[in-house]
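Subject: Structure handover

Hi,

Here is the structure I promised to pass on. Please open it and keep it beside you as you read. My notes follow below.

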Amino acid sequence: MSCDLFKWLVLAFCISQQGLFAVARPDVEDESDDSASTLAFVFDVTGSMYDDLKQVIDGASRILEKTLSRRTRPIKNFVLVPFHDPDIGPVSITTDPEKFQQDLQELFVQGGGDCPEMSVGAIKKALEVSLPGSFIYVFTDARAKDYRLKRDVLQLVQLRQSQVVFVLTGDCGDRSQPGYRAYEEIAATSSGQIFHLDKQQVNEVLKWVEETVQAMKVHLLSSNHDGAQENKWDVPFDPSLREVTVSLSGPAPQIELSDPFGRVVGEAQGLTELLNIPNSARVVNLKFPRPGTWKLKVSCSGRHTLRVTGVSNLDFRAGFSSVPVSEFNHTRERPIKGLPTHVMLKCTGLKPPGELNLAELMSSSGRSLRTIPVPPPSGVHQHRLWRLPEFRTPSQSFFIRVTGKDDEGYRFQRLSSVSYTNVIPGKTAPFPQIIQSGPRCFYMQPVVIRCSVGSPIPYKLRFTRDGITVGEEKLYQSSALASWEIDHASAEDEGLYECIAQSKAGQGRALTQLTVREPPPVLKPPVNVTSSVGAVAVLSCKVEGSMRHNLTWYRAGRAIQAPTGGFKVLPDSSLQIIGVRTQDAGEYHCVATNAHGDSRIAVWLHVPEAPRIKVTQQDIHVSVGADAVLECQATGAPPPLVRWFKGEFEVGSTLFAGQDDYHGTLHIRGVQKVDAGQYTCVASSPAGTATGTVSLKVGEDPLFSETPADLMAKIGENVTLRCSARGSPQPTVSWHRHDGRQILTGSRSRMVQLEDGHLLIQGVWLSDEGLYVCEAKNPFGTIKTGARLSVTGLAPPLLAQGPAVISTGIGQPLSIPCMMLDGIPLPERYWSHNGKPVDANGRAFLRSDGSLSVEKAVAEDAGTYVCTAVNIAGSKNVTVSVEIHVPPEIHAGPYHYIANEGVSITLFCKSSGVPKPDVVWSKVQCSLSLGTMLPVSVHQMATFHIPHPTTDDAGIYVCTSTNPVGYASREIQLSVNTMPKITGVTSNNKTVKMAAEVGTQVVLPCEAQGNPSPLVTWRRNGHPIPPVTAG
């Protein structure tokens, strides 16, 4: 445990004969401590919160791991406040993350179902023990029972400048009750929010908490709305904003963010969704937004809150006073009702010539209540302080929003972290605060617990430890700073200290936990050791005093496991090294630890080692007039000194040269030819001497005496690119192409490099076009120059335009022309058929004139042919449609149709051919006298339809299919069935009467007609007569 003495701002004001004035408060520098906040969990431990507690325990470890891994740690201590009607506490305060997690795990839920709960008192307790600018998260499923404490909590919020966020998994079913409204007012005043969610969604909020617990958190926008609506905001993002978070709490939340160019940003542009609970909350984050004015559009279907925050070192604090003051620590956190208000703005992270130019008082809904221009600072040394002209504050709560321009001219906007309300004199209870002071709380050392109280009226003040008063109660007439001093702290002084101030307006309390611990071990000053190779070395490490401790030796960050590798720890904790080796030399660390800390010292072991020299570059080429650097890398223990000689003459201390004795370098300025020669480096130390040699060669850089010029050449011409150079020694000239393609020179190549360095290109071709680089090189340098060769005389392909359509018959030869009229170089020709390349090695082949020929055409040869001619100058194509004529062919079908008289029938004659054939129908009648066939009718259709066939329609029909290539025909027979009819019988009289003599033969007539021939049967008196009887 450590002594957690809290660094809180002072809210104090006093009454004098002249009236109310501000009383000094500790002015804690904003950048002085990067761990100046508290992470507080206020947790409802009723039985219904069991699932919530499990998720909070799991999520707390992730939050701590994330915050502790940040380079700038935002959290200094941790507070846990459990509550369960009617009890609050016990309160846990610690700086140890593991202890905080242990306290969480030791929580247990009990009872259940109570609604409402003592939640506001628990929040008040968390605010009292937390540091300024803290993060307080309230977990409950019930509204507040003690909502009458709301005013005290709101005053603490404004005093501590802390944020309170509610994670509600229930609210007792009625959000119009004062107990729920208290939550809304606390969240709105502290720039916090209320998240409504199911119990299984608590873990999602904790993931969001991981990201939001940040140092340098700034506020950009805050608004609260009682109903459903859509709002649009223009928010300037300045370059100091490392990230921006938009948090919207309410039913059906929707967020749309557009960059300064009006483009809606999404996941592809870096927008990250931190939280999405469909009917409760949505939170999005954007890293390193583009500076400029962004547009934000949000909507909810009911009551909702919006918060826009960022991470930036540019922020401000506001202080109030009733009269003008010159220092910020003479201001207070709230204005006084009924008195003129002076506001001092302290801005951090704003570099000159950046400035504030406007301040606005904002309502909780984001509406501007009043606009106040900000005058420039009056003093040279007060560029961080701006003072607003005197004004009267509104009766309602308000935020302060400031806008200005940073040192680069970008517009910025910041909002106060809390809203402000007026102090009512005589009706505000005193506010005590514990202020960190004095040394750390070690055993038998002095401790001072200071309590600063702000009050406009007299009050009594006393200190308690674990609920028992210590010292005497004292009467104070106004704001004051009291203290409780302990000369020699011991375990008896440990406990929970409380500063209690009581006036007629009420009571105020402030808490701190005092834990006395032993100091960490103290080590005696180190003594370095020198040992020769093979000897025994002893490194000493002594702890002052007799306190218990553990001592460990380290080398290169790793603990030495003794006894191993010649290492041994002696009884007095010294480290013994047996048979010292060269590699044992170096820095050793001795670390002494106990439960309260550690101390460490560094002990060096020096092992003398004869110098050794490594020459990094033995031959150095330097141009006349340039500087030369000769280097010998020398090693040894102790590190040897290096001196340079040219012959017997030491050159390191001459006017034209300088040497670095420790790094082994010799720097010769403005080298001349006389400086060329052999140089010797000599490394020496008490352990010996070593030498090395470096050769310095002096010459002249290459210079072009003739440079190539850009050329244009026609295909087939010879050209020469001219390039020559001079230098000492004479440089070598070489050529290469800028595009990396190799230049092949020689007797068999078209390219030849001449003795004077010029490049001859014979028979220029298209591939020779490009940028050629001439390079001249000698040991003292390399120079390059280039010239471009452009090839002219090109002509794109030109094709003759032939017939657009070519026709031929099956089995006939086919030739499709593609005549080339122009093109340099000679273009290549390619054929395609219906978009696919033509295989010229099959039935189709190419003639010398480029035409495509087929000896015997087939139907598949029909289609669209494209001839394409291509060279480096361009391309051209012609398109030809080929038709393959095919004689008509009648497809298989019925030869005989049978129809019933009066029932429609259709005769079919399906045919094909190219071009499409015409179909003609005819009926052939048979002359009884001549026996010849004559057409009786013509129908030009593939089908022949008879709607009401009769016996006259029966007969033979001929279908003829004709196109220009030929014809085909088919005979089709049609038979028509007719109903049976009895001759001599009419429809009116179906009975035939006949007379016959007895015993004579009589024939009863019954002649029947029909197709096919009908079957005749007889009946007598309704009974059938067998055919034999009838016969």
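The radius of gyration is taken over C-alpha atoms, and the globule rule is 2.2 Å times the number of residues to the power 0.38. Keep in mind that this is a predicted model.

Start with the whole chain. By that rule, a compact globule of 1031 residues would have a radius of gyration near 31 Å. The protein chain has 53 Å instead. Its C-alpha atoms fill a box of roughly 165 × 110 × 70 Å along the principal axes. The chain holds seven helices and 79 strands. Buried residues account for 45% of the 1031. Now take contacts between residues at least 6 apart in sequence: 69% of them join residues at least 24 apart.

Next, two helices. α4 covers residues 150-160, and α5 covers residues 178-189. They pack at an angle of about 10 degrees, with axes 10 Å apart. Angles under 35 degrees count as roughly parallel, so α4 and α5 are roughly parallel to each other.

Which residues meet? From α4 come K150, V153, L154, V157 and Q158; from α5 come A182, E185, I186 and T189. By class, this contact has five nonpolar, two polar and two charged residues.

Last, α5 itself. Its 12 residues should span 16 Å at 1.5 Å a residue, and the end C-alpha atoms are 16 Å apart, which agrees. Nine of the 12 residues are buried, so α5 is largely enclosed by the rest of the structure. Among them are Y180, Y183 and E184. After α5 comes S191, with a positive phi near 60 degrees.

Best wishes

Methods
Residues are numbered from 1 along each chain as its sequence is written. This is a predicted model: local features need pLDDT of at least 70, side-chain atom pairs count only at pLDDT 80 or more; totals for chains, interfaces and linings use all residues. Side-chain values use heavy atoms; hydrogens and water are left out. Axes are lines fitted to C-alpha atoms, for helices over the stretch in contact, and angles run from 0 to 180 degrees between N-to-C directions. Helices (H or I, at least four residues) and strands (E, at least two) are DSSP runs, numbered from the N terminus. Angles under 35 degrees count as roughly parallel, over 145 as roughly antiparallel, 65 to 115 as roughly perpendicular and the rest as oblique. Contact means heavy atoms within 4.5 Å. Ala, Val, Leu, Ile, Met, Phe, Trp, Tyr, Cys and Pro count as nonpolar, Asp, Glu, Lys and Arg as charged, and the others, Gly among them, as polar. The expected span of a helix is 1.5 Å times one less than its number of residues. Buried means under 20% relative accessible area, exposed over 50%, partly exposed in between (1.4 Å probe, protein chains only).
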